[in-house]
Amino acid sequence: GGYYWGKYSYTYHDLLKNPGETARAAHVVTLQDIIATSNEKDLRTPPGIHAELGNLLSNADRNDEAAAQYQAERALYPESAVFLQRLLVKPKAGAEE
């Protein structure tokens, strides 16, 4: 089956060109739209979408939400586990819990 990609290529390209808060927020919205619409249409979320959203949330220190996205990615794409493990254990500067 196909995947629903929404505005992915636009907001991703903007984020690369102009990596500020506005572009990041727009890309987060796009990723959330892809996930929501995929669920509505009974499609699998495209590979990497949950992980990418997790990454953006993690950069914004929204670590619980990020972890939930990484788990969603791993549930959909078990083969991504190794890659995700590396994201999850990446040391956070000065984040001593």
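Visitor: How many helices and how many strands does the chain have?

Guide: The chain has five helices and zero strands. Helices (H or I, at least four residues) and strands (E, at least two) are DSSP runs, numbered from the N terminus. Read along the sequence, the pattern is α-α-α-α-α. This is a predicted model: local features need pLDDT of at least 70, side-chain atom pairs count only at pLDDT 80 or more, and totals for chains, interfaces and linings use all residues. Residues are numbered from 1 along each chain as its sequence is written, and side-chain values use heavy atoms, with hydrogens and water left out.

Visitor: What percentage of the chain counts as buried?

Guide: Start with the cut-offs. Buried means under 20% relative accessible area, exposed over 50%, and partly exposed in between (1.4 Å probe, protein chains only). Of the 97 residues here, 32% count as buried.

Visitor: Which residues have the most contacts inside the largest nonpolar core?

Guide: The general idea comes first. In soluble globular proteins, nonpolar side chains tend to be buried together. A nonpolar core is a set of buried Ala, Val, Leu, Ile, Met, Phe, Trp, Tyr and Cys residues joined through side-chain atoms within 4.5 Å. The largest one here has 15 residues, and Tyr8, Leu31, Ile49, Leu53 and Leu56 have the most contacts inside it. Helices α1 (8-17), α2 (21-40), α3 and α4 each supply at least two residues of this core.

Visitor: What does Tyr8 touch?

Guide: Contact means heavy atoms within 4.5 Å. Not counting residues up to four places away in sequence, Tyr8 touches His27, Thr30, Leu31, Ile34, Ile49 and Glu52.

Visitor: Where is Ile49, and is Ile49 buried or exposed?

Guide: Ile49 is found in helix α3. Its relative accessible area is 1%, so Ile49 is buried. Leaving aside neighbours within four places in sequence, Ile49 is in contact with Trp5, Tyr8, Leu31, Ile34, Ile35 and Glu73. Ile49 and Leu31 are 18 residues apart along the chain, and their C-alpha atoms are separated by 6.4 Å.

Visitor: How many residues of α3 are buried?

Guide: Nine of its eleven residues are buried, so α3 is largely enclosed by the rest of the structure. The buried residues are Ile49, His50, Ala51, Glu52, Leu53, Gly54, Leu56, Leu57 and Ser58.

Visitor: At what angle do α3 and α4 cross?

Guide: Two packed helices are described by the angle between their axes and the distance between the axes. Axes are lines fitted to C-alpha atoms, for helices over the stretch in contact, and angles run from 0 to 180 degrees between N-to-C directions. Helix α3 (residues 49-59) and helix α4 (residues 63-76) cross at roughly 165 degrees, and their axes come within 8 Å. Angles under 35 degrees count as roughly parallel, over 145 as roughly antiparallel, 65 to 115 as roughly perpendicular and the rest as oblique. So α3 and α4 are roughly antiparallel to each other.

Visitor: Which residues make that contact?

Guide: From α3 come Ile49, His50, Ala51, Leu53, Gly54, Asn55, Leu57 and Ser58. From α4 come Asn63, Glu65, Ala66, Gln69, Tyr70, Ala72, Glu73 and Leu76.

Visitor: At what angle do α1 and α2 pack?

Guide: The angle is about 155 degrees, with the axes 9 Å apart. That makes α1 roughly antiparallel to α2. Tyr8, Thr11, Tyr12, Asp14 and Leu15 in α1 meet Ala23, Arg24, Ala26, His27, Thr30, Leu31 and Ile34 in α2.

Visitor: What is the phi of Asp42, and what is the phi of Asp61?

Guide: Most residues other than glycine have a negative phi, and most peptide bonds are trans. Asp42 has a positive phi near 60 degrees. Asp61 has a positive phi of about 60 degrees, although it is not a glycine. Asp42 sits in the loop between α2 and α3, and Asp61 lies in the loop between α3 and α4. Asp42 counts as exposed at 73% relative accessibility, and Asp61 is exposed with a relative accessible area of 57%.
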